[in-house]
Amino acid sequence: MSNGGVIGVPNAATGPTCVAQNIQTITSTGNYVKGNAAAPNTVGLVVVGGGGAGGPEGGGGGAGGLVYIACFPLAATTVPVTIGAGGSNPRESGNSPGSNSVFGCSSNTITALGGGGGGGSGAPGPARSGVPGGSGGAASREGSAGSATQTDASGFPGSGFGNPGGASVAPNGPALGGGGGGAGGNAGPSTNAFGGVGKGSPSIPWMPTCAGDSSFFAGGGGGFSGHSPAGFAGGNGGGGDNPASPGYDTGRPTTNGAANTGGGGAGAGSTWGYGGSGAVVVKENSFTAPAVCPGVWRMGEVLDNVKAGTWSSS
């Protein structure tokens, strides 16, 4: 008989079923848990470090480093995640970097470095220089710009992204800071201190616009210039802006890097922008679930159907 010799209707097969891709954005330290255990064990992965803070009357904070791997092999269905905090810059001298974000453990670990803090003009010497980081913090008052230290993940060439901070160049007035470096592009010098652009779609083709800053992460913070009434914008990817002002004004408002984008904070006047916290984004690939062919009915299923009056012997 078509049902393995058991009288009754065949127990029909179901499927195959197409299971859509699943994208998880992780914004706090904890664990990534695979959404569907049957999904492929390779995922798309983006890890972003926390952004650096901007400097007082100084340079924009560098964005957190960004690591993008199109096809990353999972070692387990549950993976520990650390989300890096943004630089909070409690010191008037500046130089407050962001913290690293980490996906994985032991030998299967991906690390995105925290962004470098922007140099501040409130103290002499080294404090005016930007701090190296995933993307570098910008210089203030002719200090040195911070270099980019994000490297490729081991075994994944071309996966690490970061850029140096912007320079502070002559002519130099009371406060001139460059823009913070971004994951996707260079920042401007103090004469045009825009934050470096971050990285997102289309270079990360599957990144949805609802993630990060319209799909972008790791934009550098805008620099401060008392000589520019126009202000300087942070880079796409959550970089903090240095808004326009009618003239030189150390009290002009500035903005922080956006939370969970790894954006750098803006350089500022009497206040300064904090760095944005980092994030991890995981894309579980779509797959086709095989057909389910149960064949015969289990005796318990037969009994349940008979009790319910839904069993047919035809």
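Student: How many residues does the protein have, and what share of them count as buried?

Tutor: A residue is buried when its relative accessible area is under 20%, exposed when it is over 50%, and partly exposed in between, with a 1.4 Å probe and protein chains only. Here the protein has 314 residues, and 51% of them count as buried. Please note that this is a predicted model, in which local features need pLDDT of at least 70 and side-chain atom pairs count only at pLDDT 80 or more, while totals for chains, interfaces and linings use all residues. Residues are numbered from 1 along each chain as its sequence is written, and side-chain values use heavy atoms, with hydrogens and water left out.

Student: In what order do the strands of the open sheet lie?

Tutor: Strands of a sheet pair through backbone hydrogen bonds, either parallel or antiparallel. Two strands are taken to pair if DSSP finds at least two bridges between them. In this model, five strands make an open sheet ordered β2-β10-β4-β5-β9, with antiparallel pairing. Its edge strands, β2 (22-26) and β9 (160-161), each pair on one side only. Strand β2 is joined to β10 (residues 279-284) by five bridges; Ile23, for example, has Lys283 in β10 as its bridge partner.

Student: How is a pair of aromatic rings described, and how many aromatic pairs are there here?

Tutor: A pair of aromatic rings is described by the distance of the centres and the angle of the planes. Rings of Phe, Tyr and Trp (its six-membered ring) pair if their centres lie within 6.5 Å; planes under 30 degrees apart count as stacked, over 60 as edge-to-face and the rest as tilted. By this rule there are four aromatic pairs. One of them joins Phe72 and Phe103 edge-to-face, at 6.0 Å centre to centre and 75° between the planes. This pair links distant parts of the chain, 31 residues apart: Phe72 is in strand β5 (residues 66-73) and Phe103 in strand β7 (residues 101-103).

Student: Why is the pair of Phe72 and Phe156 called tilted?

Tutor: The ring centres of Phe72 and Phe156 are 5.9 Å apart and their planes stand at 45°, so the pair is tilted. Phe156 lies in the loop between β8 (110-112) and β9, 84 residues from Phe72. Phe72 counts as buried, at 1% relative accessibility, whereas Phe156 is partly exposed at 22%. Tyr32, Phe72, Phe103 and Phe156 form one aromatic cluster.

Student: Which backbone features deserve attention in the loop between β9 and β10?

Tutor: Most residues other than glycine have a negative phi, and most peptide bonds are trans. In this loop lies Pro202, which is joined to Ser201 by a cis peptide bond with omega of about 10°. The loop also contains Ser214, whose phi is positive, about 55°, although it is not a glycine. Ala218, in this loop as well, has a positive phi of about 65°.

Student: Are Ser214 and Ala218 buried or partly exposed?

Tutor: Ser214 is partly exposed, with a relative accessible area of 49%. Ala218, with a relative accessible area of 0%, is buried.

How values were computed:
Helix = DSSP H or I, 4+ residues; strand = E, 2+ residues; numbered from the N terminus.
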